[in-house]
Amino acid sequence: MNDLSLLNPIERKVYECIPVGSAHPISQEQLANLVKVSRRAIAEIVNRLRHKGFLIGSSRAYPASSGYYKISNENEYFICIGMLTSSRDNLTQTIKAMTKRHSEQGLEPNAQKKPTDGQLDLLEDCN
């Protein structure tokens, strides 16, 4: 059961506007219009909701049925996890390729900045 007390007012409003099940997802644009925030803000809010453990899936069957929905069954859950895993793997592949190229070519010394601890941890995870 989702604990709505974990949510701030805007997160709660967004969550309450998301339909149950993948049959009728709500688009980012529709959510943004309902809640009166930008599409980018909707993406960030949905990400925060997911980080808080709320089961929100997304469909990318553009344009007819793309959008967000509350996951209502195992099939929707595994489709969402598969899509997120694929996105993660794609980003990891991109990071590895860029890291390899950087190692080979480097950057101009003046342009280089030292990586943050978080960036170093990310690079270690990718290697």
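View 1. A patch here is made of residues with over 30% relative accessible area and no salt bridge, and nonpolar side chains are joined within 5 Å. In this predicted model, Leu55, Tyr77, Phe78, Ile81 and Leu84 make such a nonpolar patch, with an area of about 420 Å². Look for Tyr77 in helix H4 (residues 74-105).

View 2. Let's turn to residues 39-51, which form helix H3. Its 13 residues should span 18 Å at 1.5 Å a residue, and the end C-alpha atoms are 19 Å apart, which agrees. Ala41, Ile42, Ile45, Val46 and Leu49 are the buried residues of H3. Seen down the helix axis, these buried residues fall within an arc of 135 degrees, so they line one face of H3. Arg40 and His51 are exposed on the other side.

View 3. Arg40 counts as exposed at 64% relative accessibility, while Glu44 is partly exposed at 41%.

View 4. Glu11 and Lys52 join their side chains in a salt bridge of 2.6 Å, N to O. Glu11 sits in helix H1 (residues 9-17) and Lys52 in the loop between H3 and strand S1 (56-61), 41 residues apart. Glu11 is buried, with a relative accessible area of 1%, whereas Lys52 is partly exposed at 34%. Together with Arg48, this pair is linked in a network of salt bridges.

Conventions: Residues numbered from 1 in each chain as written. Predicted model: local features only at pLDDT ≥ 70, side-chain atom pairs only at ≥ 80, totals over all residues. Heavy atoms only, no water. Patch = residues over 30% accessible without salt bridge, like charges linked within 9 Å, V, L, I, M, F, W, Y side chains within 5 Å. Areas by Shrake-Rupley, 256 points an atom, 1.4 Å probe, with all protein chains shown as cover. Salt bridge = Lys/Arg side-chain N within 4 Å of Asp/Glu carboxyl O. Helix = DSSP H or I, 4+ residues; strand = E, 2+ residues; numbered from the N terminus. Expected span 1.5 Å × (residues − 1). Buried < 20%, exposed > 50% of the residue type's maximum accessible area, 1.4 Å probe, protein only. Arc of directions from axis to C-beta.
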